[in-house]
2 protein chains.
Amino acid sequence: MHAKSMAGHLIRRLQQRSTHVFSKHMQAAGIDLTSVQFAALDAIIAEPGIDQAGVAAAIAYDRATIGGVIDRLEHKGLVARTVAKHDRRAREVRVTEQGQAMFDNVLPIVRELQDDVLDGLSVDEKHQFKRLAQIVLQNA
Amino acid sequence: MHAKSMAGHLIRRLQQRSTHVFSKHMQAAGIDLTSVQFAALDAIIAEPGIDQAGVAAAIAYDRATIGGVIDRLEHKGLVARTVAKHDRRAREVRVTEQGQAMFDNVLPIVRELQDDVLDGLSVDEKHQFKRLAQIVLQNA
DNA sequence: AAACAATAATAACTATACTTACTATTTTAA
DNA sequence: TTAAAATAGTAAGTATAGTTATTATTGTTT
């Protein structure tokens, strides 16, 4: 089997396409937010006051990467960090008003763009694809 | 739809899993090679004397990224660069003896590990997954 | 309580991955 | 044939994505 037809190669190119579709849509809407930053924002809004390790666990990243992502979100004024009272090692993260507004603005665009990520597949095939992906990931 | 069930999120996690499986198998075999470096090596062996832009096109990367990847392959003594006679802008890339030996050593391991990447799926489902991925990518 | 292990975050380091800009060259076109 | 457009590679900058080590703090165990 040639490298180009291997699962790993196909997955890498799908990821490449996925991030490309995301950033294109964001750019078209004049929004400065990466897909990872959106995922982090989503996790922070889902659980206000979550700490960085919690965000990392929620969206399957390591703590070091999430630290950088939250740095950038904080720098943009979208989230705020506070030292946790019950554990001074931890930083509780919450969205700011601006962050919530950004999320509300971006969410419908992100939902819409999902369809483009798997462009070329029928509705049924898109469902199939996601089902298979979820099986693989559950098994991990 | 919640962010975690979106196609983009699933694809990102698959990519994460894929590279993790790759590096785990390489580590187990005591081999220092990333999946991207393997893909580049594969492309260079498939077309000896290919230039860097050719490698980038072959495995769907940008030139800057491939430049760094080939830097590292060269540093490890796996490939060699020469200025092309017909076009002094271009760098022709070829594997060294050591690079060919590395590839011969790694190829069977990489082939074997592909099965692990989609672990949890039946043979039929793995086929289905790859078929759907290829449709999406052809459409891009 | 003191010693120890465990945890949260950060720092430092490596490797992608991409964009824009720049240099050197080559090709195309006026 | 010379000016303009295109191309190959590199540089610089940003953003992941991960590993290992370190610091600060907390929990556990003697």
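A: Let's start with a definition: a residue is buried if 20 or more other C-beta atoms lie within 10 Å of its own. Keep in mind that this is a predicted model.

Q: How many of the residues of chain A count as buried?
A: Of its 140 residues, 36% do. The C-alpha trace of chain A spans about 55 × 35 × 25 Å along the principal axes.

Q: Which elements does chain A have, from the N terminus on?
A: The run is α-α-β-α-α-β-β-α-α, made up of six helices and three strands.

Q: How do I read a sheet, and in what order do the strands of chain B stand?
A: Here is the general idea: strands of a sheet pair through backbone hydrogen bonds, either parallel or antiparallel. In chain B, three strands form an open sheet ordered S1-S3-S2, with antiparallel pairing. Strands S1 (50–51) and S2 (79–83) of chain B are at the edges with a single partner strand each, so one side of each has no neighbour in the sheet. Two bridges link S1(B) to S3 (residues 91–95) of chain B, and B:Ile50 has B:Val93 as its bridge partner in S3(B).

Q: Which helix packs on that sheet?
A: H4(B) does, touching S2 and S3 of chain B, and its direction makes about 115° with that of S2(B).

Q: Which element gives the most to the surface near DNA strand C?
A: H4(B) again, with five residues. Of the 24 residues around DNA strand C, those that come nearest are A:Asp51, A:Gln52, A:Ala53, B:Val36 and B:Ala64. By type, the residues of this surface are seven nonpolar, seven polar and ten charged.

Notes. Residues are numbered from 1 along each chain as its sequence is written. Chains are lettered from A and ligands numbered from 1 in the order in which they are written. This is a predicted model: local features need pLDDT of at least 70, side-chain atom pairs count only at pLDDT 80 or more; totals for chains, interfaces and linings use all residues. Helices (H or I, at least four residues) and strands (E, at least two) are DSSP runs, numbered from the N terminus. A residue is buried if 20 or more other C-beta atoms lie within 10 Å of its own, exposed if 12 or fewer, and partly exposed in between; C-beta atoms are placed from the backbone. A residue is near a molecule or strand if its C-beta atom, placed from the backbone, lies within 6 Å of it. Ala, Val, Leu, Ile, Met, Phe, Trp, Tyr, Cys and Pro count as nonpolar, Asp, Glu, Lys and Arg as charged, and the others, Gly among them, as polar. Two strands pair if DSSP finds at least two bridges between them. Two residues are in contact if their C-beta atoms, placed from the backbone, lie within 7 Å. Axes are lines fitted to C-alpha atoms, for helices over the stretch in contact, and angles run from 0 to 180 degrees between N-to-C directions.
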